[in-house]
Amino acid sequence: MDPTAPNSGGGAAADATGPTNTTVTLPPLTLRDVPRLPSALASPSPSPVVPNPISRHPYFHPPSTFYISPGDVSLRHAFFDLASASPSPLLAYRRAGPRGDLAVDPARARAALVTCGGLCPGLNTVLRELVVGLHELYGVRDVFGVAAGYRGFYGGDEDHVRLEPAAADDWHKKGGTVLKTTRGGFDLGKIVDGIVSRGYTQVYAIGGDGTMRGAVAIFQEFKRRGLNISITGIPKTVDNDIGIIDRSFGFQTAVEIAQQAIDAAHVEAVSAVNGIGLVKLMGRSTGHIALHATLSSRDVDCCLIPEVDFCLEGKGGLFEFLYERIKKKGHAVVVVAEGAGQELIHRTDDQKREQDESGNIVFLDVGPWLKSELGRWWKREHPDELFTVKYIDPTYMIRAVPANATDNLYCTLLAHSAIHGIMAGFTGFVPGPINGTYSYIPLEDIAVAKNPVDVNDHKWAWVRSVTNQPDFLMSQA
Ligand SMILES: Nc1ncnc2c1ncn2[C@@H]1O[C@H](COP(=O)(O)OP(=O)(O)O)[C@@H](O)[C@H]1O
Ligand SMILES: O=P(O)(O)OC[C@H]1O[C@](O)(COP(=O)(O)O)[C@@H](O)[C@@H]1O
Ligand SMILES: [Mg+2]
């Protein structure tokens, strides 16, 4: 049999004798392109094309395959249903990476780097790689750090610090951000005025969903004013709540550190009579950290995330389940994401309205609430049985650490992808891995793309198989 001969029909051939090839026609492909700088689009003569200086770099000897071809794209979805009667059109993004010709002259570039929002492991690695990459790869000499988030753009001279590779050398070993970060302070007019008055030609905004929404507003203001300034957003969120990209940097480090809290909770629980170890982990609107920490620990009996409702009391409720688990094993470990169960916690009208400086809703503390509700229930239902809850809240410990090796590599590729894209004349974009391929995604798509845990896919089923937990929805209390 000829292994290359096409089979007719769309489905896989039912041939048990060996592999077969089936030729199929894919739906049309839509390129979701990123914007370009006005000078890169100018007609009749776009900005001068500058050969990429990497070609003259003493240590790089880039072969022709080194540069990304103008036609290179990556696909949003890596798997398809060939049997689908009405397949969706395929969505593609530009592949990230160095281009042979630049639309920006590095000698005239003046870069501003800013970090906004909460901390995340790897922020300093991204900063280091931006500073080193701009200097060493492209020969950009004017690289500045803007202090303390977006508000730094309209601060004084002390908020704009020249950054050199020698000073950045060991930043990847430090947690936090050397530039400092803040929430709030987003005054669009003042920010863009500050960017213009300092002569910045390119802005690298490193932050989460709020920062990306801010970067979209800045990008649109650049367009409205007809400015030839580019902006890129580098996605940061320890919660992993930004969509489209495979994951955000620092997330894996945070999951790794969370193991220590779960291990401690487990030791406390097994060493007590009827012991429960309760761990609260970050995750404002998504439960990725709790879910991944649960999957990798295997000591967890129950994982509670914002995406899944649960009830506490009655048959089918959480507390009955924990009681049964303790009767069976002698102890139980519970991991709860900070955004879980918020609708169950009583809050005053003032508390309902409370927001942080960036407008994020302030949550009530689910950990102590759960501990006290459980204690009250146990005392009422099982007054003669000993019972202990040990509560661990590692809070900032999981994010105020340096990135692990995997996240450090990821941060390097993100930073370099951002620089390559800016130098190619792209703007209003975010670099990020899609199915493992680094790509350029429009900022405005990223700013609205959420990434909740999909409780209908295999991962949540995997959690159930690891914890053996039911849905806690059947309260008959
Ligand atoms: N819708 C928005 N438009 C403009 N700026 C925003 C918006 N949301 C948040 N920001 C600004 O982005 C910055 C970071 O936002 P924040 O929510 O604190 O952190 P993160 O970016 O990590 O989600 C803050 O300066 C905040 O004011
Ligand atoms: O740093 P703060 O203001 O205490 O905020 C804590 C929050 O920051 C986070 O770590 C993530 O925040 P971001 O919006 O900055 O990504 C949440 O998990 C947590 O609720
Ligand atoms: Mg956020």
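Hi everyone, let's start with confidence: across the protein chain the mean pLDDT is 92, and 96% of the residues reach 70 or more; pLDDT is the predictor's confidence in each residue, from 0 to 100. Where pLDDT is low, the predicted coordinates should not be read in detail. For the complex, the predictor gives an ipTM of 0.98 and a pTM of 0.93.

Some housekeeping. This is a predicted model, where local features need pLDDT of at least 70, side-chain atom pairs count only at pLDDT 80 or more, and totals for chains, interfaces and linings use all residues. Residues are numbered from 1 along each chain as its sequence is written, while chains are lettered from A and ligands numbered from 1 in the order in which they are written.

Now the overall fold. The protein chain has 13 helices and 16 strands; these are DSSP runs numbered from the N terminus, H or I of at least four residues for helices and E of at least two for strands. Its C-alpha trace spans about 85 × 75 × 40 Å along the principal axes. Of the 477 residues, 45% count as buried, with 20 or more other C-beta atoms within 10 Å of their own, all placed from the backbone.

On to the domains. The chain is divided into domain 1 (91-249 + 403-448) and domain 2 (252-400), with bounds from an automatic or database domain assignment. Their C-alpha centres lie 35 Å apart. Where they meet, 18 residues of domain 1 are in contact with 16 residues of domain 2. The domain 1 side of that meeting has five nonpolar, nine polar and four charged residues; Ala, Val, Leu, Ile, Met, Phe, Trp, Tyr, Cys and Pro count as nonpolar, Asp, Glu, Lys and Arg as charged, and the others, Gly among them, as polar.

Finally, an unreviewed UniProt entry places the feature "domain: Phosphofructokinase" at residues 111-420. Thanks, everyone!

Conventions: A residue is buried if 20 or more other C-beta atoms lie within 10 Å of its own, exposed if 12 or fewer, and partly exposed in between; C-beta atoms are placed from the backbone. Two residues are in contact if their C-beta atoms, placed from the backbone, lie within 7 Å. UniProt positions are given in the numbering used here, feature names are shortened, and annotations may be inferred rather than shown by experiment.
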